[in-house]
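Here's a quick briefing to read alongside the model. Have a look at the structure first, then go through the points below.

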Amino acid sequence: MIMVNLIYFSIYSFQVYSLPASLQFPSHTPYLLIGGGTASFAAARSIRARDPGAKVLIVTDEPVPPYMRPPLSKELWFSDDPSVTETLRFKQWNGKERSIYFQPPSFYISAEELDGAENGGVAVLTSKTVVHMDVRGNKIKLDDNTEISYDKCLIATGGVPRSLQVIERAGEEVMKRTTLFRKVSDFKSLDKVSRNIKSITIIGGGFLGSELACALGRRCKTTVIQMFPEKGNMGKVLPEYLSNWTTEKVKKEGVKVISEALVKSVVCKDEKLEIQLKDGRLVKTDHIVAAVGLEPNVDLAKSAGLEVDSDFGGFRVNAELQARSNIWVAGDAACFYDIRLGRRRVEHHDHAVVSGRLAGENMTGANKPYWHQSMFWSDLGPDVGYEAIGIVDSSLPTVGVFAKATSKDTPKAATEKSGTGIRSESETEDTAVSPVASPTPAPPAVLQKDEYGKGVIFYLRDKVVVGIILWNVFNRMPVARKIIKDGEQHVDLNEVAKLFNIHDD
(Lines give C-alpha, C1' and ligand atoms only; values in the text may rest on other atoms or scores of the structure.)
Protein backbone atom coordinates (compact mmCIF):
# COMPACT_ATOMS: atom_id res chain seq x y z
CA MET A 1 0.00 0.00 0.00
CA ILE A 2 1.31 3.41 -0.94
CA MET A 3 1.52 6.05 1.79
CA VAL A 4 0.59 9.55 0.69
CA ASN A 5 1.71 12.58 2.67
CA LEU A 6 -1.07 15.16 2.98
CA ILE A 7 -0.22 18.56 4.36
CA TYR A 8 -2.55 20.77 6.40
CA PHE A 9 -1.85 24.32 7.52
CA SER A 10 -3.36 26.90 9.77
CA ILE A 11 -2.34 30.52 10.09
CA TYR A 12 -0.35 29.64 13.18
CA SER A 13 1.03 26.19 12.54
CA PHE A 14 1.25 23.27 10.21
CA GLN A 15 1.13 19.56 10.78
CA VAL A 16 2.09 16.72 8.51
CA TYR A 17 -0.21 13.69 8.52
CA SER A 18 0.63 10.37 6.86
CA LEU A 19 -2.65 8.72 6.02
CA PRO A 20 -3.06 5.23 4.56
CA ALA A 21 -4.82 5.45 1.24
CA SER A 22 -5.80 3.26 -1.67
CA LEU A 23 -5.38 6.25 -3.95
CA GLN A 24 -2.65 5.91 -6.56
CA PHE A 25 -0.17 8.43 -7.84
CA PRO A 26 -0.93 9.62 -11.36
CA SER A 27 0.91 7.37 -13.83
CA HIS A 28 1.20 10.26 -16.28
CA THR A 29 1.33 14.03 -16.03
CA PRO A 30 1.60 16.62 -18.81
CA TYR A 31 3.97 18.78 -16.75
CA LEU A 32 6.39 17.20 -14.29
CA LEU A 33 8.51 19.43 -12.05
CA ILE A 34 11.33 17.70 -10.16
CA GLY A 35 12.18 19.64 -7.00
CA GLY A 36 10.02 21.60 -4.59
CA GLY A 37 11.89 24.88 -4.34
CA THR A 38 11.43 28.42 -5.59
CA ALA A 39 12.26 27.65 -9.25
CA SER A 40 9.79 24.80 -9.38
CA PHE A 41 6.97 26.83 -7.86
CA ALA A 42 7.69 29.78 -10.17
CA ALA A 43 7.51 27.42 -13.15
CA ALA A 44 4.20 25.94 -11.96
CA ARG A 45 2.63 29.37 -11.62
CA SER A 46 3.99 30.39 -15.02
CA ILE A 47 2.66 27.24 -16.72
CA ARG A 48 -0.78 27.79 -15.26
CA ALA A 49 -0.78 31.44 -16.32
CA ARG A 50 -0.15 30.54 -19.96
CA ASP A 51 -2.11 27.29 -19.95
CA PRO A 52 -4.96 27.72 -17.43
CA GLY A 53 -6.08 24.09 -17.76
CA ALA A 54 -2.59 22.67 -17.27
CA LYS A 55 -2.02 19.71 -14.96
CA VAL A 56 1.24 20.14 -13.07
CA LEU A 57 2.85 17.64 -10.71
CA ILE A 58 5.69 18.74 -8.39
CA VAL A 59 7.82 16.00 -6.83
CA THR A 60 9.89 17.02 -3.80
CA ASP A 61 12.03 15.07 -1.34
CA GLU A 62 10.99 17.43 1.47
CA PRO A 63 7.88 16.74 3.59
CA VAL A 64 6.41 20.18 2.87
CA PRO A 65 5.29 22.09 -0.25
CA PRO A 66 7.36 24.86 -1.90
CA TYR A 67 8.63 27.64 0.34
CA MET A 68 11.10 30.54 0.18
CA ARG A 69 14.55 29.95 1.64
CA PRO A 70 15.88 33.49 2.37
CA PRO A 71 13.93 33.95 5.64
CA LEU A 72 15.57 30.79 7.04
CA SER A 73 18.79 32.74 7.53
CA LYS A 74 17.25 36.20 7.90
CA GLU A 75 13.91 37.27 9.37
CA LEU A 76 12.91 34.04 11.13
CA TRP A 77 15.82 34.47 13.53
CA PHE A 78 14.66 37.97 14.48
CA SER A 79 11.12 36.86 15.35
CA ASP A 80 9.91 37.48 18.89
CA ASP A 81 7.34 34.69 18.52
CA PRO A 82 8.49 31.73 20.67
CA SER A 83 6.55 29.34 18.41
CA VAL A 84 8.22 30.53 15.18
CA THR A 85 9.70 27.09 14.48
CA GLU A 86 6.17 25.66 14.37
CA THR A 87 4.38 28.50 12.62
CA LEU A 88 7.17 29.37 10.18
CA ARG A 89 5.57 32.79 10.03
CA PHE A 90 7.70 35.86 10.45
CA LYS A 91 7.58 39.61 10.52
CA GLN A 92 9.37 41.30 7.67
CA TRP A 93 11.59 44.28 8.43
CA ASN A 94 8.53 46.43 7.66
CA GLY A 95 6.49 44.71 10.38
CA LYS A 96 4.11 42.85 8.07
CA GLU A 97 3.65 39.16 8.80
CA ARG A 98 3.79 36.35 6.28
CA SER A 99 4.48 32.63 5.98
CA ILE A 100 7.54 31.17 4.31
CA TYR A 101 5.18 29.07 2.16
CA PHE A 102 4.38 30.50 -1.25
CA GLN A 103 0.75 29.40 -1.13
CA PRO A 104 -1.74 27.99 1.39
CA PRO A 105 -2.92 24.36 0.98
CA SER A 106 -6.05 25.49 -0.88
CA PHE A 107 -3.82 26.43 -3.84
CA TYR A 108 -2.91 22.78 -4.46
CA ILE A 109 -5.02 19.80 -5.42
CA SER A 110 -4.25 16.26 -4.28
CA ALA A 111 -2.10 14.16 -6.60
CA GLU A 112 -4.77 11.49 -7.01
CA GLU A 113 -7.24 14.13 -8.26
CA LEU A 114 -4.90 15.56 -10.87
CA ASP A 115 -5.85 13.20 -13.69
CA GLY A 116 -9.53 13.98 -13.45
CA ALA A 117 -9.30 17.67 -12.65
CA GLU A 118 -11.44 19.43 -15.27
CA ASN A 119 -9.61 22.74 -14.88
CA GLY A 120 -6.22 21.22 -14.14
CA GLY A 121 -4.20 22.33 -11.14
CA VAL A 122 -0.93 21.93 -9.25
CA ALA A 123 -0.31 18.87 -7.08
CA VAL A 124 2.68 18.13 -4.85
CA LEU A 125 4.12 14.73 -4.04
CA THR A 126 6.10 15.23 -0.83
CA SER A 127 8.88 13.06 0.65
CA LYS A 128 9.58 11.45 -2.71
CA THR A 129 12.91 11.33 -4.51
CA VAL A 130 13.38 10.84 -8.24
CA VAL A 131 16.12 8.20 -8.53
CA HIS A 132 16.11 7.50 -12.28
CA MET A 133 15.18 9.38 -15.42
CA ASP A 134 14.43 7.71 -18.74
CA VAL A 135 14.76 10.51 -21.28
CA ARG A 136 13.82 8.40 -24.30
CA GLY A 137 10.80 6.91 -22.56
CA ASN A 138 9.76 10.27 -21.03
CA LYS A 139 9.38 8.81 -17.57
CA ILE A 140 10.94 8.86 -14.10
CA LYS A 141 11.23 6.35 -11.29
CA LEU A 142 10.72 7.30 -7.64
CA ASP A 143 12.51 5.84 -4.64
CA ASP A 144 9.53 3.53 -4.02
CA ASN A 145 9.81 2.19 -7.63
CA THR A 146 6.72 4.11 -8.77
CA GLU A 147 7.02 5.24 -12.39
CA ILE A 148 5.48 8.44 -13.75
CA SER A 149 5.58 9.47 -17.40
CA TYR A 150 5.46 13.05 -18.60
CA ASP A 151 5.12 15.24 -21.68
CA LYS A 152 7.33 18.10 -20.45
CA CYS A 153 9.76 18.00 -17.53
CA LEU A 154 11.58 20.62 -15.46
CA ILE A 155 14.62 19.71 -13.37
CA ALA A 156 14.84 22.15 -10.47
CA THR A 157 16.74 20.00 -7.99
CA GLY A 158 18.67 22.90 -6.48
CA GLY A 159 21.75 22.01 -4.50
CA VAL A 160 23.03 20.40 -1.35
CA PRO A 161 25.21 22.22 1.18
CA ARG A 162 28.89 21.36 1.05
CA SER A 163 30.65 19.99 4.08
CA LEU A 164 34.33 20.03 4.98
CA GLN A 165 36.34 16.87 4.45
CA VAL A 166 37.92 17.27 7.88
CA ILE A 167 34.44 17.13 9.41
CA GLU A 168 33.33 14.16 7.31
CA ARG A 169 36.48 12.27 8.33
CA ALA A 170 36.10 13.18 12.00
CA GLY A 171 33.51 10.53 12.82
CA GLU A 172 29.92 10.21 13.92
CA GLU A 173 30.14 12.27 17.13
CA VAL A 174 31.44 15.30 15.24
CA MET A 175 28.86 14.89 12.47
CA LYS A 176 26.07 14.75 15.08
CA ARG A 177 27.17 18.15 16.35
CA THR A 178 27.42 19.72 12.88
CA THR A 179 24.66 21.45 10.93
CA LEU A 180 24.69 21.84 7.15
CA PHE A 181 22.16 24.64 6.74
CA ARG A 182 19.71 24.58 3.82
CA LYS A 183 16.18 23.39 4.63
CA VAL A 184 13.32 24.10 7.04
CA SER A 185 14.42 21.07 9.06
CA ASP A 186 17.90 22.60 9.40
CA PHE A 187 16.43 25.87 10.68
CA LYS A 188 14.35 24.00 13.25
CA SER A 189 17.22 21.86 14.50
CA LEU A 190 19.67 24.80 14.68
CA ASP A 191 17.10 26.91 16.53
CA LYS A 192 16.71 24.14 19.11
CA VAL A 193 20.45 23.54 19.41
CA SER A 194 21.28 27.24 19.79
CA ARG A 195 18.96 27.52 22.79
CA ASN A 196 20.59 24.64 24.67
CA ILE A 197 24.34 25.05 24.26
CA LYS A 198 27.00 27.50 25.43
CA SER A 199 28.86 28.08 22.17
CA ILE A 200 28.34 27.69 18.44
CA THR A 201 30.91 28.09 15.66
CA ILE A 202 30.02 29.03 12.10
CA ILE A 203 32.62 28.04 9.52
CA GLY A 204 32.29 30.23 6.43
CA GLY A 205 32.49 33.95 5.71
CA GLY A 206 30.06 34.16 2.80
CA PHE A 207 26.41 35.21 2.55
CA LEU A 208 24.90 32.40 4.59
CA GLY A 209 27.60 32.26 7.25
CA SER A 210 27.50 36.02 7.79
CA GLU A 211 23.72 36.20 7.96
CA LEU A 212 23.57 33.36 10.48
CA ALA A 213 26.42 34.84 12.52
CA CYS A 214 24.62 38.19 12.81
CA ALA A 215 21.27 36.58 13.54
CA LEU A 216 22.58 34.21 16.20
CA GLY A 217 24.88 36.84 17.65
CA ARG A 218 22.01 39.26 18.16
CA ARG A 219 19.43 36.77 19.39
CA CYS A 220 21.22 34.08 21.36
CA LYS A 221 22.81 34.08 24.77
CA THR A 222 25.14 31.51 23.27
CA THR A 223 28.72 32.50 22.41
CA VAL A 224 28.81 32.80 18.61
CA ILE A 225 32.09 32.36 16.73
CA GLN A 226 32.53 32.87 12.99
CA MET A 227 35.69 31.66 11.28
CA PHE A 228 36.77 31.82 7.66
CA PRO A 229 39.97 31.54 5.60
CA GLU A 230 39.74 35.06 4.16
CA LYS A 231 41.15 38.17 5.85
CA GLY A 232 37.69 39.68 6.29
CA ASN A 233 34.01 38.91 6.22
CA MET A 234 32.60 38.40 2.69
CA GLY A 235 36.22 38.52 1.52
CA LYS A 236 35.54 36.72 -1.76
CA VAL A 237 32.90 39.26 -2.75
CA LEU A 238 33.63 42.66 -1.20
CA PRO A 239 36.71 44.81 -1.79
CA GLU A 240 39.08 44.60 1.16
CA TYR A 241 38.16 47.94 2.78
CA LEU A 242 34.46 47.04 2.78
CA SER A 243 35.15 43.49 3.92
CA ASN A 244 37.02 44.94 6.91
CA TRP A 245 34.12 47.29 7.67
CA THR A 246 31.63 44.39 7.47
CA THR A 247 33.80 42.33 9.79
CA GLU A 248 33.58 45.07 12.40
CA LYS A 249 29.81 45.20 11.92
CA VAL A 250 29.54 41.46 12.58
CA LYS A 251 31.64 41.86 15.73
CA LYS A 252 29.25 44.56 16.97
CA GLU A 253 26.44 42.00 16.73
CA GLY A 254 28.23 40.03 19.46
CA VAL A 255 30.11 37.61 17.20
CA LYS A 256 33.70 36.56 17.87
CA VAL A 257 35.40 36.64 14.46
CA ILE A 258 38.42 34.46 13.64
CA SER A 259 39.89 35.35 10.26
CA GLU A 260 42.52 33.56 8.14
CA ALA A 261 41.33 30.33 9.72
CA LEU A 262 42.13 27.10 7.88
CA VAL A 263 40.69 24.06 9.65
CA LYS A 264 43.20 21.23 10.09
CA SER A 265 41.13 18.82 12.18
CA VAL A 266 38.02 18.48 14.33
CA VAL A 267 37.68 16.05 17.24
CA CYS A 268 35.11 15.47 19.96
CA LYS A 269 36.75 15.52 23.39
CA ASP A 270 35.15 15.80 26.83
CA GLU A 271 31.75 16.64 25.28
CA LYS A 272 33.31 19.52 23.34
CA LEU A 273 34.33 19.92 19.72
CA GLU A 274 37.96 20.95 19.32
CA ILE A 275 38.73 22.73 16.04
CA GLN A 276 42.44 22.71 15.34
CA LEU A 277 43.55 25.37 12.85
CA LYS A 278 46.59 24.97 10.61
CA ASP A 279 48.41 27.86 12.28
CA GLY A 280 48.13 26.18 15.67
CA ARG A 281 45.11 28.02 17.07
CA LEU A 282 42.58 25.84 18.91
CA VAL A 283 38.88 26.65 19.18
CA LYS A 284 36.58 24.76 21.55
CA THR A 285 32.86 24.81 20.83
CA ASP A 286 29.63 22.86 21.37
CA HIS A 287 28.30 22.91 17.82
CA ILE A 288 29.46 23.68 14.27
CA VAL A 289 27.51 25.19 11.39
CA ALA A 290 29.31 24.54 8.10
CA ALA A 291 28.34 27.32 5.66
CA VAL A 292 30.91 26.70 2.95
CA GLY A 293 28.85 26.75 -0.23
CA LEU A 294 26.45 24.70 -2.29
CA GLU A 295 26.94 21.72 -4.57
CA PRO A 296 24.41 21.60 -7.43
CA ASN A 297 22.30 18.45 -7.27
CA VAL A 298 22.99 16.68 -10.56
CA ASP A 299 22.29 13.12 -9.41
CA LEU A 300 19.95 12.59 -12.38
CA ALA A 301 22.59 13.50 -14.95
CA LYS A 302 23.93 9.96 -15.34
CA SER A 303 20.65 8.13 -15.87
CA ALA A 304 19.28 10.96 -18.00
CA GLY A 305 22.43 11.33 -20.08
CA LEU A 306 22.52 15.09 -19.44
CA GLU A 307 25.71 17.13 -19.60
CA VAL A 308 27.16 18.62 -16.43
CA ASP A 309 29.37 21.70 -16.80
CA SER A 310 32.93 20.90 -15.74
CA ASP A 311 33.73 24.47 -14.67
CA PHE A 312 30.62 25.69 -12.89
CA GLY A 313 28.74 22.48 -12.14
CA GLY A 314 25.03 22.14 -12.86
CA PHE A 315 23.22 20.89 -15.94
CA ARG A 316 24.32 22.69 -19.11
CA VAL A 317 21.35 24.28 -20.86
CA ASN A 318 20.87 26.47 -23.91
CA ALA A 319 19.58 30.04 -23.98
CA GLU A 320 16.00 28.80 -23.53
CA LEU A 321 17.08 26.79 -20.44
CA GLN A 322 16.65 23.52 -22.31
CA ALA A 323 18.83 20.47 -21.71
CA ARG A 324 16.86 18.32 -24.18
CA SER A 325 13.88 18.91 -26.46
CA ASN A 326 11.35 18.29 -23.67
CA ILE A 327 13.55 18.85 -20.59
CA TRP A 328 14.29 22.23 -19.00
CA VAL A 329 16.45 23.15 -16.01
CA ALA A 330 16.05 26.17 -13.72
CA GLY A 331 17.42 27.56 -10.47
CA ASP A 332 20.66 26.57 -8.73
CA ALA A 333 21.09 23.43 -10.85
CA ALA A 334 21.12 25.25 -14.23
CA CYS A 335 24.36 26.27 -15.92
CA PHE A 336 23.23 28.74 -18.57
CA TYR A 337 24.84 31.04 -21.11
CA ASP A 338 24.66 34.72 -20.20
CA ILE A 339 24.86 36.81 -23.38
CA ARG A 340 26.74 39.57 -21.51
CA LEU A 341 28.85 37.70 -18.99
CA GLY A 342 29.37 34.24 -20.49
CA ARG A 343 28.42 30.86 -19.06
CA ARG A 344 27.33 31.06 -15.44
CA ARG A 345 25.54 29.29 -12.63
CA VAL A 346 23.68 31.44 -10.08
CA GLU A 347 22.51 30.41 -6.61
CA HIS A 348 20.13 33.17 -5.57
CA HIS A 349 16.42 33.63 -4.97
CA ASP A 350 15.78 36.09 -7.79
CA HIS A 351 17.47 33.81 -10.33
CA ALA A 352 15.33 30.89 -9.12
CA VAL A 353 12.17 32.98 -9.52
CA VAL A 354 13.00 34.35 -12.97
CA SER A 355 14.59 31.22 -14.47
CA GLY A 356 11.73 29.09 -13.14
CA ARG A 357 9.19 31.49 -14.60
CA LEU A 358 10.93 31.50 -17.98
CA ALA A 359 11.31 27.73 -18.04
CA GLY A 360 7.59 27.41 -17.32
CA GLU A 361 6.77 29.77 -20.19
CA ASN A 362 9.04 27.84 -22.54
CA MET A 363 7.47 24.54 -21.48
CA THR A 364 4.22 25.96 -22.86
CA GLY A 365 5.86 26.96 -26.15
CA ALA A 366 7.14 30.51 -25.57
CA ASN A 367 10.71 29.82 -26.82
CA LYS A 368 12.13 32.84 -24.98
CA PRO A 369 15.87 33.25 -24.31
CA TYR A 370 17.08 33.99 -20.79
CA TRP A 371 18.11 37.65 -20.97
CA HIS A 372 17.47 38.59 -17.36
CA GLN A 373 20.33 39.74 -15.13
CA SER A 374 19.25 38.32 -11.80
CA MET A 375 20.00 40.17 -8.60
CA PHE A 376 20.66 38.93 -5.10
CA TRP A 377 20.62 40.54 -1.71
CA SER A 378 21.92 39.94 1.77
CA ASP A 379 21.06 41.58 5.08
CA LEU A 380 23.22 41.76 8.17
CA GLY A 381 20.15 42.40 10.28
CA PRO A 382 17.57 45.16 9.69
CA ASP A 383 20.12 48.00 9.50
CA VAL A 384 22.69 46.95 6.88
CA GLY A 385 21.86 45.35 3.57
CA TYR A 386 23.06 45.22 0.02
CA GLU A 387 21.79 44.21 -3.38
CA ALA A 388 24.04 42.97 -6.16
CA ILE A 389 23.94 42.02 -9.81
CA GLY A 390 26.36 40.48 -12.29
CA ILE A 391 29.80 39.16 -11.40
CA VAL A 392 30.85 40.42 -7.96
CA ASP A 393 34.27 38.95 -7.28
CA SER A 394 36.80 40.67 -5.02
CA SER A 395 39.64 39.57 -7.32
CA LEU A 396 38.32 42.01 -9.97
CA PRO A 397 39.24 45.72 -10.01
CA THR A 398 36.59 47.78 -8.23
CA VAL A 399 35.56 51.41 -7.93
CA GLY A 400 33.44 52.41 -4.93
CA VAL A 401 31.51 55.65 -4.54
CA PHE A 402 30.01 56.28 -1.08
CA ALA A 403 27.89 58.83 0.73
CA LYS A 404 26.61 59.36 4.24
CA ALA A 405 23.60 57.20 5.06
CA THR A 406 20.34 58.40 6.58
CA SER A 407 17.65 56.57 8.51
CA LYS A 408 15.98 55.78 5.17
CA ASP A 409 18.98 53.80 3.95
CA THR A 410 18.34 50.45 5.64
CA PRO A 411 16.70 47.14 4.66
CA LYS A 412 13.94 47.93 7.16
CA ALA A 413 13.17 51.24 5.46
CA ALA A 414 13.38 49.62 2.02
CA THR A 415 10.75 47.02 2.90
CA GLU A 416 8.51 49.67 4.40
CA LYS A 417 8.60 51.49 1.06
CA SER A 418 8.23 48.44 -1.21
CA GLY A 419 5.82 46.48 0.96
CA THR A 420 7.78 43.24 0.68
CA GLY A 421 10.55 41.58 2.66
CA ILE A 422 11.72 39.54 -0.32
CA ARG A 423 13.08 42.51 -2.20
CA SER A 424 13.33 40.87 -5.62
CA GLU A 425 9.55 40.36 -5.52
CA SER A 426 9.18 44.12 -5.89
CA GLU A 427 11.64 44.30 -8.76
CA THR A 428 10.42 45.62 -12.07
CA GLU A 429 11.90 45.64 -15.52
CA ASP A 430 11.45 49.40 -15.70
CA THR A 431 13.50 51.08 -18.38
CA ALA A 432 16.43 52.80 -16.76
CA VAL A 433 18.15 55.92 -17.97
CA SER A 434 21.24 55.21 -20.08
CA PRO A 435 24.28 56.25 -18.06
CA VAL A 436 26.28 59.14 -19.43
CA ALA A 437 29.93 59.41 -18.46
CA SER A 438 31.55 62.72 -17.62
CA PRO A 439 34.17 63.86 -20.17
CA THR A 440 36.69 64.56 -17.40
CA PRO A 441 37.29 62.15 -14.52
CA ALA A 442 36.91 63.43 -10.98
CA PRO A 443 39.79 62.92 -8.55
CA PRO A 444 39.43 59.69 -6.57
CA ALA A 445 37.79 60.19 -3.20
CA VAL A 446 39.76 59.43 -0.06
CA LEU A 447 37.61 56.98 1.86
CA GLN A 448 37.46 57.13 5.62
CA LYS A 449 36.51 54.21 7.82
CA ASP A 450 33.08 55.59 8.66
CA GLU A 451 32.08 56.65 5.16
CA TYR A 452 30.49 53.38 4.04
CA GLY A 453 26.95 54.26 5.06
CA LYS A 454 25.65 53.81 1.53
CA GLY A 455 27.17 53.61 -1.90
CA VAL A 456 27.79 51.81 -5.17
CA ILE A 457 30.65 49.42 -5.94
CA PHE A 458 31.45 48.75 -9.60
CA TYR A 459 33.30 45.54 -10.59
CA LEU A 460 35.31 45.81 -13.79
CA ARG A 461 36.59 43.37 -16.40
CA ASP A 462 38.57 44.85 -19.30
CA LYS A 463 37.40 48.30 -18.10
CA VAL A 464 33.72 47.29 -18.55
CA VAL A 465 31.34 47.07 -15.58
CA VAL A 466 30.38 43.40 -15.12
CA GLY A 467 29.02 43.60 -11.56
CA ILE A 468 27.48 46.16 -9.21
CA ILE A 469 26.79 46.14 -5.48
CA LEU A 470 24.30 48.64 -4.10
CA TRP A 471 25.31 49.12 -0.47
CA ASN A 472 22.30 50.27 1.56
CA VAL A 473 20.90 51.63 -1.71
CA PHE A 474 17.52 50.12 -2.61
CA ASN A 475 15.00 50.17 -5.46
CA ARG A 476 17.67 51.10 -8.03
CA MET A 477 18.26 47.68 -9.56
CA PRO A 478 16.85 48.58 -13.03
CA VAL A 479 19.60 51.21 -13.32
CA ALA A 480 22.29 48.66 -12.44
CA ARG A 481 20.81 46.15 -14.87
CA LYS A 482 20.87 48.74 -17.66
CA ILE A 483 24.55 49.57 -17.06
CA ILE A 484 25.58 45.91 -17.31
CA LYS A 485 23.32 45.29 -20.31
CA ASP A 486 24.88 48.23 -22.21
CA GLY A 487 28.38 46.84 -21.64
CA GLU A 488 30.08 50.17 -22.27
CA GLN A 489 33.34 51.59 -20.95
CA HIS A 490 32.91 54.66 -18.72
CA VAL A 491 35.45 57.43 -18.35
CA ASP A 492 34.28 58.37 -14.86
CA LEU A 493 32.32 56.00 -12.66
CA ASN A 494 31.73 58.79 -10.14
CA GLU A 495 29.39 60.27 -12.73
CA VAL A 496 27.71 56.92 -13.31
CA ALA A 497 27.19 56.59 -9.55
CA LYS A 498 25.06 59.74 -9.64
CA LEU A 499 22.39 57.74 -11.49
CA PHE A 500 21.73 55.91 -8.23
CA ASN A 501 20.96 59.15 -6.36
CA ILE A 502 23.24 58.18 -3.51
CA HIS A 503 23.82 61.80 -2.56
CA ASP A 504 20.10 62.47 -2.07
CA ASP A 505 18.95 62.78 1.53
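Val266 is found in strand E16 (residues 263-269); helices (H or I, at least four residues) and strands (E, at least two) are DSSP runs, numbered from the N terminus. Keep in mind that this is a predicted model, where local features need pLDDT of at least 70, side-chain atom pairs count only at pLDDT 80 or more, and totals for chains, interfaces and linings use all residues. Residues are numbered from 1 along each chain as its sequence is written, and side-chain values use heavy atoms, with hydrogens and water left out.

**Around Val266**
- Val266 is buried, at 4% relative accessible area (buried is under 20%, exposed over 50%, partly exposed in between, with a 1.4 Å probe and protein chains only).
- Val266 sits 7.4 Å from Val174, C-alpha to C-alpha, although 92 residues separate them in sequence.
- Setting aside neighbours within four places in sequence, Val266 is in contact (heavy atoms within 4.5 Å) with Ile167, Ala170, Val174, Glu274, Ile275 and Ile288.

**Cores**
- The largest nonpolar core has 127 residues, and Ile469 and Trp471 are among those with the most contacts inside it; such a core is a set of buried Ala, Val, Leu, Ile, Met, Phe, Trp, Tyr and Cys residues joined through side-chain atoms within 4.5 Å.
- Strand E30 (residues 464-471) gives the most to this core, with six residues.
- A second, separate core of 17 residues includes Ile225, Ile275, Val283 and Ile288.

**Helix H9**
- Helix H9 (residues 349-363) has 15 residues and should span 21 Å, which agrees with the 21 Å between its end C-alpha atoms; the expected span is 1.5 Å times one less than the number of residues.
- H9 is largely enclosed by the rest of the structure, because 14 of its 15 residues are buried.
- Just after H9, Gly365 takes a positive phi of about 100 degrees.

**Salt bridges**
- The count comes to 25 salt bridges, each being a side-chain nitrogen of Lys or Arg within 4 Å of a carboxyl oxygen of Asp or Glu.
- Glu253 pairs with Arg218 in a salt bridge, with the closest N and O atoms 3.0 Å apart.
- That pair links distant parts of the chain, 35 residues apart: Glu253 is in the loop between helix H7 (240-252) and strand E15 (255-258), and Arg218 is in helix H6 (residues 207-219).
- Glu253 is buried at 10% relative accessible area, whereas Arg218 counts as partly exposed at 38%.
- Asp486 and Lys482 meet in another salt bridge (3.4 Å, N to O), and they are about one helical turn apart because four residues separate them in helix H11 (residues 477-486).
- Salt bridges that share partners join Glu172, Glu173, Lys176, Arg177 and Glu271 into one network.
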